[in-house]
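Please read them beside the coordinates.

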Amino acid sequence: MTLKRIHLNGRVYFIVLCIMGTMAILSSTMSKNPVLNPFAVSLGTPTDLLGIIAAASTIPGILISLPAASLSDVFGRKKILLFATFIFASAPFLYLGVTQWWQLALVRFYHGFATAMFIPVAEATIVERFPDKKGERISAFNSATYIGRGIAPFLGGSILFITSYSFHTLYIAVATAGITTFIIATLLLAENKTNNNINTQPVKAKIATRKILQGWLKIAYNKSAVIVSFIQACQYYVYGVVEFYLVQYMIEIANINAIAVSIIIGTQIISLITLRPILGRLSDKYGRRLPIILGCTISAILLFLIPFTTQFPILLALSIGYGIGFALVISSTTPLMCELTPTNLIGTSMGFLSTTMDIGQTLGPIISGIILSTVLAYTGLFTSLTILLIASAIIFTLSGIGKQHRTPLH
């Protein structure tokens, strides 16, 4: 059977797409969690610049997520996804040559283009194939990616522990996962070439540019879409900080070893994996509004408590609880964004959401790094996250968004 004859039904296609997502995010996450902070410190990175290292991979999301997703509306999803997986496969090898902290920042910047293109375009593909179950299927896909994200800290932490922090060995493992992603993508995206529901006819550059710019303006002038994007940005601002600085807090202040750190971070991600499809299904049936408000509130309270404890069981419980709160919000924001925008701008809306998300995830570690370098230290850092989450919950509540959005579950 040649690649051109491969045909997958909707269910099998979705499963293979989820496997690809799992391997992609396993590769991406293992390159940073828990290795990135100790690797950056070993290179002599100044404390106030550690946030730059953490944020470098999210900057491409600001630059490319929206254009890439919009181009996929015009030219199709497959080429964008294939290019993203090529970056997943190639970027890990660059870490092997890093000897200076600024080189690490540049490699992280390049690596960031992979996720920035892959996630919004994959989500747009899912929305088109499963319009009546978009909350459930997007959440299931994201849970699949979080399987990779959940395995990564356990696997990465174990490799570091066994090899006495051999960074090169770890990045070889990262490369293996990235290459696997590219191989799967090559096979998956070759299927069903004649049945593509995206317009793949040649489009003149001026017409394509006009369509893309018009789509951007429609989303930007949609007040509800902008507010939902703001909520998403706040969530990933906080997540970017927790992902990077919670590791540092546990190592520096709580004196927890690499295995214990991996358990705390990994179980947080497991809570995301297990709950997102369930919460997505519930939001399809009962609405998006309550999960968003409740999730912001839960996360805010639990993060406030972190700097007041160094006990492993308590930190584990707080980390899991935060994962639940985070899952409540993001299982609803993406499908809500789809409901607030025209169907012909699905890719653009996902790109817009991803761009604002990356703005938040970029600013979070940078601003928090500055806070951490002051006398406020970790107390100020985690308190700032609480304030932001409470403020976002209030803004969303007052906006009234989601009151009338009820999508029947089929």
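1. Basis. This is a predicted model, in which local features need pLDDT of at least 70 and side-chain atom pairs count only at pLDDT 80 or more, while totals for chains, interfaces and linings use all residues. Numbering runs from 1 along each chain as its sequence is written, and side-chain values use heavy atoms, with hydrogens and water left out.

2. Confidence. The protein chain has a mean pLDDT (the predictor's confidence in each residue, from 0 to 100) of 84. A value of 70 or more is reached by 90% of its residues. Residues 1–6 stay under 50, and the model gives them 7 contacts (heavy atoms within 4.5 Å) beyond four places in sequence. Residues 406–410 also stay under 50, with 15 contacts beyond four places in sequence.

3. Largest core. The largest nonpolar core has 67 residues. Such a core is a set of buried Ala, Val, Leu, Ile, Met, Phe, Trp, Tyr and Cys residues joined through side-chain atoms within 4.5 Å; buried means under 20% relative accessible area, exposed over 50%, and partly exposed in between, with a 1.4 Å probe and protein chains only. Leu 104, Tyr 146, Met 250 and Leu 385 touch the most other members. Helix α10 (residues 223–252) supplies the largest share of this core, 12 residues. Helices are DSSP runs of H or I, at least four residues long, and strands are runs of E of at least two, numbered from the N terminus.

4. Beyond its neighbours within four places in sequence, Leu 104 contacts Leu 36, Phe 39, Ala 40, Leu 43, Ile 53, Tyr 95 and Val 98. A core of 53 residues lies apart from the largest one, and its members include Phe 14, Val 228, Cys 338 and Phe 352.

5. On a 1 Å grid over the protein atoms alone, a cavity is a set of points where a 1.4 Å probe fits but cannot get out, and lining residues have an atom within 4 Å of a point. Grid points are joined across faces, edges and corners, and a volume is the space filled by probe spheres set on the points. Of its 31 lining residues, Thr 115, Ile 119, Arg 149, Met 357 and Gln 361 lie nearest the centre. Helix α6 gives the most to this lining, with 8 residues. By class the lining has 11 nonpolar, 14 polar and 6 charged residues, where Ala, Val, Leu, Ile, Met, Phe, Trp, Tyr, Cys and Pro count as nonpolar, Asp, Glu, Lys and Arg as charged, and the others, Gly among them, as polar.

6. Second cavity. The second largest cavity has about 140 Å³ of space. It is lined by 15 residues, with Lys 32, Ala 54, Gly 240, Glu 243 and Phe 244 closest to its centre. Two or more lining residues come from each of α2 (36–42), α10 and α14, and α10 gives the most, with 4.

7. Two residues. Outside four places in sequence, Thr 356 contacts Ser 229 and Ala 233. Ala 69, in helix α4 (residues 59–75), is buried at 0%. Among the residues that Ala 69 touches beyond four places in sequence are Pro 120, Val 121 and Gly 351.

Notes: 1 Å grid on protein atoms, 1.4 Å probe; cavity = no way out; pocket = protein on both sides within 12 Å on 5 of 7 lines; lining within 4 Å.
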